[in-house]
Amino acid sequence: MESSQLKENLDKVLEEIGVAARKAGRSDGDVSLVAVSKTHSAEMVAELYKVGQAAFGENYVQEAMDKMDELRELDIKWHFIGHLQSNKAKQVAGRFDMIETVHSLKVAERLNKAVEEQGWTQPVLIQVNLGGEDQKSGVAEDGLLQLSARTEEMKGLDLQGLMVLPPFLGDGEKTRPYFVKLRRLKADLEKRLGRSLPHLSMGMTADFVQAIEEGATLVRVGTRIFGPREYC
Ligand SMILES: *Cc1c(COP(=O)(O)O)cnc(C)c1O
């Protein structure tokens with residue numbers, strides 16, 4: 001894709017984010033865009049960075065690490081948004097600005113141990129599985145409080161909120177109920193933990209507008225910016 005096209009796509013998405021935020025009585029700055037660059041090259045990431053996008057989301061550990069190495073001169077904020085296997089936790093700990101997909105105690109413990117050894121604190125989100133689909137990762141709703149409370153106790157982890165990847169329904173109005181649900185879960189959790197959690201990561205190409213209307217602070221958009229993905 002031409003970089004002028006990338007910039008045009010980015011500008012349109014940012015404009016729509018602003019419109020949705022204001023419509024919901026929020027300000028543009030309340031919502032941050034995470035550009036999802038999985039399967040796209042480091043060159044594309046660099047192009048988008050050059051036109052002003054700083055945060056990028058990656059799903060696959062090795063692919064992400066390769067891009068980070070290649071682009072280490074750039075001040076990119078990397079978010080890990082893929083399924084996190086516990087045997088990969090050590091590898092990702094401390095390499096991402098945000099790990100959005102903590103879904104089990106085992107993953108949290110391994111991340112915590114690895115960052116403690118580095119003398120660092122890792123910002124994390126807990127991924128919640130609201131679809132009840134076995135193939136999607138995320139902690140089930142009834143395990144959320146316990147996982148959050150345990151994560152809170154871990155000195156190496158800084159719990160900043162929740163993330164959801166709803167079943168793909170292709171229509172933003174169909175996924176809206178998941179966003180409402182996640183917002184309520186966060187509010188409930190804030191009461192139980194006695195502190196506020198800054199982030200709700202929800203909304204992708206098909207439904208980021210609805211997600212923002214329901215309180216998203218991070219939207220993860222790939223296709224609308226980079227075009228369709230080709231898997232090899
Ligand atoms: C791929 C992916 C996205 C981006 O999806 P698009 O529909 O391309 O915007 C967002 N979140 C997660 C977790 C993803 O895996």
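## Helices H6 and H7

H6 and H7 are oblique to each other, a term for angles that are not under 35 degrees (roughly parallel), over 145 (roughly antiparallel) or 65 to 115 (roughly perpendicular). Their axes come within 11 Å and cross at roughly 45°. Axes here are lines fitted to C-alpha atoms, for helices over the stretch in contact, with angles from 0 to 180 degrees between N-to-C directions. H6 passes H7 in a right-handed crossing, meaning that the near helix is turned clockwise from the far one by less than a right angle. H7 covers residues 172-193. Helices (H or I, at least four residues) and strands (E, at least two) are DSSP runs, numbered from the N terminus.

On the H6 side, the contact (heavy atoms within 4.5 Å) uses Glu141, Leu144, Leu145, Ser148, Ala149 and Glu152. H7 supplies Lys181, Leu185, Leu189, Arg192 and Leu193.

## Basis of the model

This is a predicted model: local features need pLDDT of at least 70, side-chain atom pairs count only at pLDDT 80 or more, and totals for chains, interfaces and linings use all residues. Residues are numbered from 1 along each chain as its sequence is written, and side-chain values use heavy atoms, with hydrogens and water left out.

H1 runs over residues 3-23. Its 21 residues should span 30 Å at 1.5 Å a residue, and the end C-alpha atoms are 30 Å apart, which agrees. The expected span is 1.5 Å times one less than the number of residues. Buried residues in H1 (under 20% relative accessible area; exposed is over 50%, partly exposed in between; 1.4 Å probe, protein chains only) are Leu6, Asn9, Leu10, Val13, Ile17, Gly18, Ala20 and Ala21. They pack against strands E1 (32-36) and E9 (218-221), and against helices H2 (42-50), H8 (208-213) and H9 (223-226). Just after H1, Gly25 takes a positive phi of about 75°.

The axes of H1 and H2 come within 9 Å and cross at roughly 60°. This pair is therefore oblique as well, and its crossing is right-handed. Ser3, Leu6 and Leu10 of H1 meet Met44, Glu47 and Leu48 of H2.

## Around helix H2

In the loop between E1 and H2 sits Thr39. Thr39 is not a glycine, yet its phi is positive, at about 70°. It is partly exposed, with a relative accessible area of 28%.

Ala42 lies in H2 and is buried, with a relative accessible area of 6%. Beyond its neighbours within four places in sequence, Ala42 contacts Lys67, Glu70 and Leu71. Ala42 and Ala20 are 22 residues apart in sequence and 30 Å apart in space, C-alpha to C-alpha. Besides Ala42, H2 buries Met44, Val45, Ala46 and Leu48. Their cover includes H1, E1, strand E2 (55-58), helix H3 (61-70), strand E3 (77-80) and H9. Just after H2, Gly52 has a positive phi of about 115°.

## Helix H5

H5 holds 14 residues, 105-118. At 1.5 Å a residue they should span 20 Å; the end C-alpha atoms are 20 Å apart, which agrees. Val107, Ala108, Leu111, Asn112, Ala114 and Val115 are the buried residues of H5. What covers them includes helices H4 (89-92) and H6 (141-153), plus strands E4 (98-102), E5 (122-129) and E7 (157-164).

## Nonpolar cores

A nonpolar core is a set of buried Ala, Val, Leu, Ile, Met, Phe, Trp, Tyr and Cys residues joined through side-chain atoms within 4.5 Å. The largest has 63 residues. Phe96, Ile99, Leu111, Leu162, Val219 and Ile225 have the most contacts inside it. H1 gives the most to this core, with six residues. Apart from it lies another core, of six residues, among them Met98, Leu125, Met163 and Leu218.

Which residues does Phe96 touch, not counting those up to four places away in sequence? Phe96 touches Ala64, Met65, Met68, Trp78, His79, Phe80, Trp120 and Gln122.

## Glu213 in helix H8

Glu213 has its place in H8. Its relative accessible area is 22%, so Glu213 is partly exposed. Leaving aside neighbours within four places in sequence, Glu213 contacts Ala20, Lys23, Ala24 and Arg176. Glu213 and Gln160 are 53 residues apart in sequence and 20 Å apart in space, C-alpha to C-alpha.
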